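Have a look at the structure first, then go through the notes below.

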Amino acid sequence: MTDAANLPMGESLERIQCQWCQSMNPKTALSCSACGAPLDIRNLVSESGWREAPRIRDMTEIHFSSSTCQVEGEIVPAAEINLGQGDSIFFEHHVMLWKDPNVPLTLMSLAGGMKRAFAGMPFLISVATGPGRIAFSRDATGELVVLPLHPGMELDVREHAFLLSSHQIDYSFVRVKGLTNILFGGQGMYMDRFITTSTPGLLILHGYGNVFERRLAAGESIMVEPGAFLYKDSSVTMQVEFQKLGPGFFGGTTMSLARMTGPGRVGIQSMYVHHKTE
Amino acid sequence: MFCVNCGARMADGANFCGSCGRPVKHEAAPAPPPPPPPVAAPTPPVPRPPDPRFEPRTPPVAHGAAKCAWCGATVDATQTACPKCGASLGMPSLVARSGWAQLPGRKDMAKLQFGKSSCQIEGVYVPVADMNLAPEDGVYFAHHVLLWKDPQVNITTMPLKGAWKRMFAGMPLVMTQAQGPGHIAFSKDDPGELVALPLQPGQTIDVREHLFLAATLNMQYDWFSTDVWLRTQNGDDTETHYPCGMFMDKFFAPQTPGLLLLHAGGNVFVRQLAQDQHILIKPTALIFKDPSVQMRLHFERPSAMFSGWGYWSNRYIWLLLSGPGRVAIQSVFEPVEGESRNMTSCSYATETRW
């Protein structure tokens, strides 16, 4: 037990909780040390229940294990990782912006790599190991989303949307089920799946435009443009449905929307045009 | 010397007020005309007082000389923005712990001065460079970046030597030039940042192709082969790829200071490399470099537990930059062509196998 008298110099018992990731931070902190969310800005929730992902301030530092991540820029932010000794991160290699020449790179071997190669996904996930610096960014305007991941969480992420993840998080991929989902789901055959272990890690996604999150109650559902889907808890189900527009037997067009059914979180991005993903 | 309009202190001999942008009447020189309003439509020029929302008045602070952290110009300490490059003064520069500095913050509507003309940078998302050219000044640009101009601003083409080479490299065949007096504005169609590079007499800068927006007429323009290439083979198909372009633009200010405007995608980061300091960057992320910075291809082969089919598919292509000198990168980049193909030959390159 700590009591106030035994606290180190300059420490106070007062803490503020980050509204995005629930981490506790010192009262004087301006941004959360675990997810980078500004602590002096109130949670922004729309009347319909969508909550805006926190806009990370320029040059904010995020800490994980013995490493730090600094987020730079506000138009197309770059995530710059200073890896500590023994820490490693994994990513798709095409998002690397620059690196120190002496940071070792290895490949993570994945089961089903061949299948993924045919689906157009990079079946090679690269791993960078500390110590050293390496930086990442993506090809269009958007936000970096640092996801709060607590033990026992399973998260499904749109393919190619993840920027990097620390080695404490388990990575696999799941096939999108059902032919309609694959053909009209607007996001291909696979989703990345991240599973937390007992050690906290860091997962950063890149969303195009702005990112919003909503928590669905059990059985509650919402229709989402398939191209806008960014992430969901694995407990949320996704089913593409067709909506007929216009009258007539042969006339009119149909559009596809994904029905997301709770319980769990759903994250969407506001710029859902199909960008080149390679 | 003080501005007759807003009262801000300014450097003796300045042509414009750094705070509100009002031209200065010099006794000897003929008075420049009042600036017409910066609007796209050819409306009759009505002099408009500066809008206090966009031109914040700052109380004069202690008189002294300050140095602009971005372009190195010596400026009056009373000014809030550098008159040479538009960077905000007195704001802490944002430098990441790794040493990359962000492009200095620029207030919307920041105004910079070149010769007797000025350039106002409007907007922060897809910024516009709005030039007010004096009769003796001119700029050149690639025609597709022209956003609007006053009808009386004369536009002519500028002959380029070896234009056919440019055609093969996919570069604009002709450069266009505009001569003052009047307003002309430029922008590019991507969210990003406008990089203002004032060049001192004798200074040269190398710029990756397609990033150039506009430059003053007193600057020489040339290009050179990057000599960074790789050749891939797929069956009988042989392709040559140029990861950072076939050519690079070179800008040189011979006798008088010049102004160069670039447009970069996303955010811009700059760093100074020490002698023999190396950094690996994505080839398509390069914006500009000092001519003293050397570049070459560098391959990295990550180690793997399995051999992998297609040995070349796990090879990453980097541009290795070696100091001394200044380099700049942008956070938006295109995929590197030919990265996952079978490479048969390439320009001088080094390799790391992990």
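Phe212(B) comes out as buried because its relative accessibility is 6%; buried means under 20% relative accessible area, exposed over 50%, and partly exposed in between, with a 1.4 Å probe and protein chains only. Keep in mind that this is a predicted model, where local features need pLDDT of at least 70 and side-chain atom pairs count only at pLDDT 80 or more, while totals for chains, interfaces and linings use all residues. Residues are numbered from 1 along each chain as its sequence is written, chains are lettered from A and ligands numbered from 1 in the order in which they are written, and side-chain values use heavy atoms, with hydrogens and water left out.

**Aromatic pairs**

- The count is 14 aromatic pairs over all chains, where rings of Phe, Tyr and Trp (its six-membered ring) pair if their centres lie within 6.5 Å, and planes under 30 degrees apart count as stacked, over 60 as edge-to-face and the rest as tilted.
- One of them joins Phe141(B) and Phe186(B): the ring centres are 4.6 Å apart and the planes sit at 50 degrees, so this pair is tilted.
- That pair bridges distant parts of the chain, with Phe141(B) in strand β7 (residues 138–141) of chain B and Phe186(B) in strand β11 (residues 182–186) of chain B, 45 residues apart.
- Helices (H or I, at least four residues) and strands (E, at least two) are DSSP runs, numbered from the N terminus.
- Both Phe141(B) and Phe186(B) are buried.
- Phe212(B) has a partner too: with Phe251(B) it makes a stacked pair, 5.0 Å centre to centre and 25 degrees between the planes.
- Phe212(B) belongs to strand β14 (residues 212–216) of chain B and Phe251(B) to strand β18 (residues 247–252) of chain B, so the pair ties together parts 39 residues apart in sequence.
- Phe251(B) is buried as well, since its relative accessible area is 0%.
- Zoom out a bit and ring pairs link Tyr140(B), Phe212(B), Tyr221(B), Trp223(B) and Phe251(B) into a cluster.

**Charges over rings**

- Lys250(B) has its charged end over the ring of Phe224(B), 4.8 Å from the ring centre; to qualify, NZ of Lys or CZ of Arg must be within 6 Å of the ring centre and within 35 degrees of the ring normal.
- Arg271(B) does likewise with Trp100(B), its charged end sitting over the ring at 5.3 Å from the centre.

**Cysteines**

- There are 0 disulfides over all chains, a disulfide being a pair of cysteine sulfur atoms within 2.5 Å.
- Cys32(A) is buried, because its relative accessibility is 0%.
- For Cys346(B), the closest cysteine sulfur is in Cys244(B), 13 Å away and so too far for a bond.
- Cys346(B) is partly exposed, with 26% relative accessible area.

**Buried methionine**

- Met238(A) is part of strand β21 (residues 237–245) of chain A, and its relative accessible area of 18% makes it buried.
- Met238(A) and Leu147(A) are 91 residues apart along the chain, and their C-alpha atoms are separated by 20 Å.

- Most residues other than glycine have a negative phi, and most peptide bonds are trans.
- The peptide bond from Gly262(A) to Pro263(A) is cis, with omega near 10 degrees, and Pro263(A) lies in the loop between β22 (253–261) and β23 (264–269) of chain A.
- Gly180(B) to Pro181(B) is also a cis peptide bond, with omega near 5 degrees; Pro181(B) is in the loop between β10 (175–179) and β11 of chain B.
- His210(B) is not a glycine, yet has a positive phi of about 75 degrees.
- Look for His210(B) in the loop between β13 (204–208) and β14 of chain B, where it is partly exposed at 42% relative accessible area.
- Asp276(B), another residue other than glycine, has a positive phi near 65 degrees.
- Asp276(B) sits in the loop between β20 (268–273) and β21 (278–281) of chain B, and with a relative accessible area of 53% it counts as exposed.
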